[in-house]
Amino acid sequence: MIISFLDEDGIDLEEGHASFISAYVTPGPKQRDISEQKKANLGMMLGVYLPTIQHILGVTMFIRLFWVVGIAGILHTILLLLCCCLCTLLTSISLSAVATNGVVESGGVYFMISRNLGAEFGSAVGILFYLANTVAASMYLVGGVEVMLLYIFPSITIGGHEAHSETGIWGMMSHNYRIYGTAFLLLEATIVAMGVRFVQLLAPVSLFCVILSILACFAGGIEKAILKNVTKFLENLNPMYMAAGESYPGVPADDTGLEVSQDFRTSFFILLAIYFPAVTGIMTGTNMSGDLKDPQKTIPRGTIAATLTTSAIYFALAILFGSSITGPVLRDKYGRSINSSMIVALLSWPSHWVVVIGSFLSTFGAALQCLCSAPRLLQSIAKDDVIPALAPFAKVTKNNEPLLGLLFTALIAESAILLGAVDSIAAVLDFFFLMSLSLMGASLCFFIMFASQWQYALISIILTFVIYKYVEWKGAKKEWGDGIRGLALTTAQYSLMKVEDKDPHPKNWRPQLLVLVEGTWSKEIVDMRCINLLNLAGQLKAGRGLAIVIAFIKGEITDPADRTRAEEVKSRIQQDMINAPLRGFGKTILFNENQIDGCISTLYQSIGIGGLKPNTVMINWPKIKLLQAIAYNQCVMVIKGITDFPLATARLSGYIDIWWIMFDGGILMLIAYLLRQNKVWRGCSLRIFAIADVPEKNEKKKMLQKYIYMLRIDAEVFVSFFIIFDGSSVILENSLQSQLVIINLPRPPKKNKANFENYMSDMEILTSKIPRVLFISGSGKEVITICS
């Protein structure tokens, strides 16, 4: 963090760093000044409440709600609306809590989720929500075309009035939807390109007409329900679900075409899937966060108020339709029984044109809000550079308009328009919205998804997972202080506290590696000793468990140049670990000639946290000082001939020979078994050579064969006799052509340099001319048990 006192704000943060007083990435004063000059500074009404209401009160309310009431009945419709509105209300409350948790910049929903749950979740949900807004624009435009061709200007229908009934995917009416929908899309994209201020000036006009049409419905509907016929409410109380082609449940329509029939099978969950897009749009104002004057206040107030307002309107309209229109007319989706008129317009007072014009303008306004917010959401995702392919969409015009994002959004919207019908687009739209809401209302959203259309639900979940893993794979290294990282730290802390700081049970013992590396750290030189040691550690660990790699570098901790070099070496080690692959942590230790013994002693005493600490030391064929320091009851693995060990791409065949010279609890067999799990050594067979006196050879061989059988280790067993002075010839005779020799390493003598040098010479002689040798000295804790 860089702190400077440049102005009254007192904090100027380097780009990409989080403030200690904020949960989000906080821009500095200069960035805020530039942002203030570009943003539209909209308040709660124009920036959140009205756009959200305009998006929610779309065409579905006018052309599908009455039909839902007619099919599902008033009771089931209330239950359906309760599911939909409860889902959006819970999301609105969660959204408000997040919005008040820190500074909200441009990006709306994506910004808040990515800063709280991480770049991976933010990108996955953000892209799905972007697609949801884009496809929603297509649905509203196609709905507007339906209103125009059926109820306003039926004479301009391509194919004439007869085409109105051809609603199949390749029917003439579907082609009308595609042609006129494309024309409307071009018109609206042109308006949006003129700027957000221009859009928000047009929005109230459209919304006024929508509200006026709703009031006209209530005015005429209440008069019909109360003054003329109060029995319709009871008639429409129960559901009337039908199969395709039926005019009444279980009764097919006649062949004359005079009876109104359903064009597909209906059920509660099918109606839920069709109507759910009508309650979406609650995040329209949130996605305009970059143009809001005070997002932290306006987003919670405007979003919750808009959600409650529209929910009340939907419940009231459902009861009104069921109380004032007869059932057969309600179930006539396209109004064919009343001369192809809009059913809702029957309630309008003083004229049916109030509702017809209002429903048409509702589609126009809702699509306008979608096309305005979606490109801004895409631009925010691209600006964070978590998905490199989206980088071109980060650019904006001098008026802060994402023009390239608008063109791309229009292209996707056109693809959705080609589906050709409101119901088809709505089925696809559901799952984009539900997946973007499911992180906050998970149970209810997933229930609606799978109950509506489980195939689309699986596709949306797979798409979310693919985006998440792609961002994770590309390495979205963004330090936003998000909740997922905090949860990981909390989980790690809890797990560490549960691990007792004492020796584990033998059945739970696994090698947790402390890899000590020395090498020539230069950009021009690749030291294969270090590379091969990390490769071997990776082959042994198979990418699992704890591994800590320590590099010793000569230098002074007080010297800035030495500390910088140590950081460079650490970065190089971490990259080499990724290439190995070896999961773990890379560290560097600076020392001078007089500190090496103390550094190693301190390292062994302090490494690890609680019960999670290395239990196995891996080093190259060592220098005297390095091996003398190993006196802390650790398992030690010393690699001789490290430059001859295979890389991760190699595939070996032959033998891995275990020379079991002394009893060690079975650590040699365990290490050999773990190595064979890796694809580098998988083609090698195990051979075990045990040492015994001549009279005991057969008995010991049978005992050892039984032992490895019970361990389910596939290996050949041989029993030999030799003493240390002639052991090298026996090993050479049996293992010269083997790919690897694993042999016991006796504990080194203490406090006697001459004895230690003799010890090292004996080990050298014992394995002379063997290219790859792995010496292992157990601590006595590594016991392979055959007991359950």
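This is a predicted model: local features need pLDDT of at least 70, side-chain atom pairs count only at pLDDT 80 or more; totals for chains, interfaces and linings use all residues.
Me: Which residues of H10 are buried?

Reply: Phe268, then Ile270, Leu271, Leu272, Ala273, Ile274 and Tyr275.

Me: And what about H23, how many of its residues are buried?

Reply: Eight of the ten residues of H23, which runs over residues 667-676, so H23 is also largely enclosed by the rest of the structure. The buried residues of H23 are Ile667, Leu668, Met669, Leu670, Ile671, Ala672, Leu674 and Leu675.

Me: Zooming out, what does the secondary structure come to?

Reply: The protein has 26 helices and twelve strands. As for burial, 52% of its 788 residues count as buried.

Me: How much accessible surface does the protein have?

Reply: About 35,800 Å², with 61% of that belonging to carbon and sulfur atoms.

Me: Of the contacts with a separation of 6 or more, what share comes from residues 24 or more positions apart?

Reply: That share is 77%.

Me: OK, on to helix packing. At what angle do H6 and H13 pack?

Reply: At about 160°, and the axes of H6 (residues 119-152) and H13 are 8 Å apart. Angles over 145 degrees count as roughly antiparallel, so H6 is roughly antiparallel to H13.

Me: Is the crossing of H6 and H13 left-handed or right-handed?

Reply: Left-handed. Sorted by class, the H6 contact with H13 has 23 nonpolar residues, eight polar ones and no charged ones.

Me: And at what angle does H13 pack with H14?

Reply: H13, residues 352-383, packs with H14, residues 403-417, at an angle of about 115°. The axes of H13 and H14 are 8 Å apart, and their crossing is right-handed.

Me: Which residues meet there, between H13 and H14?

Reply: From H13 there are Leu371, Ala374, Pro375 and Leu378. From H14 there are Gly405, Leu406, Phe408 and Thr409. The residues of that contact divide into six nonpolar, two polar and no charged.

Me: What is Ala189 in contact with, leaving aside its neighbours within four places in sequence?

Reply: With Leu371 and Leu406.

Me: How far apart are Ala189 and Leu406 in sequence and in space?

Reply: They are 217 residues apart in sequence, and 7.3 Å apart in space from C-alpha to C-alpha.

Me: New topic, the backbone. Is the peptide bond from Trp349 to Pro350 cis or trans?

Reply: Cis, with omega near 15°. Pro350 sits in the loop between helix H12 (327-330) and H13. The peptide bond from Ala580 to Pro581 is cis as well, with omega near -10°. Pro581 is in the loop between helix H20 (560-579) and strand S5 (585-591).

Me: Why point those out?

Reply: Because most peptide bonds are trans, and most residues other than glycine have a negative phi.

Me: So is the phi of Asp385 positive or negative?

Reply: Positive, about 60°, although Asp385 is not a glycine. Asp385 lies in the loop between H13 and H14 and is partly exposed, with a relative accessible area of 46%.

Me: And what is phi near for Asn400?

Reply: Near 65°, again a positive value in a residue other than glycine. Asn400 lies in the loop between H13 and H14, and at 23% relative accessibility it counts as partly exposed.

Me: Last one: is Thr616 buried or exposed?

Reply: Buried, at 0% relative accessibility. Thr616 lies in strand S6, residues 616-620.

Me: What is Thr616 in contact with, apart from its neighbours within four places in sequence?

Reply: Trp509, Pro511, Gln512, Leu513 and Leu514, along with Gln634, Cys635 and Met637.

Methods:
Residues are numbered from 1 along each chain as its sequence is written. Side-chain values use heavy atoms; hydrogens and water are left out. Axes are lines fitted to C-alpha atoms, for helices over the stretch in contact, and angles run from 0 to 180 degrees between N-to-C directions. Helices (H or I, at least four residues) and strands (E, at least two) are DSSP runs, numbered from the N terminus. A crossing is left-handed if the near helix is turned anticlockwise from the far one by less than a right angle, and right-handed if clockwise. Contact means heavy atoms within 4.5 Å. Ala, Val, Leu, Ile, Met, Phe, Trp, Tyr, Cys and Pro count as nonpolar, Asp, Glu, Lys and Arg as charged, and the others, Gly among them, as polar. Buried means under 20% relative accessible area, exposed over 50%, partly exposed in between (1.4 Å probe, protein chains only). Accessible areas come from the Shrake-Rupley method with a 1.4 Å probe; for residues, only the protein chains shown count as cover. Angles under 35 degrees count as roughly parallel, over 145 as roughly antiparallel, 65 to 115 as roughly perpendicular and the rest as oblique.
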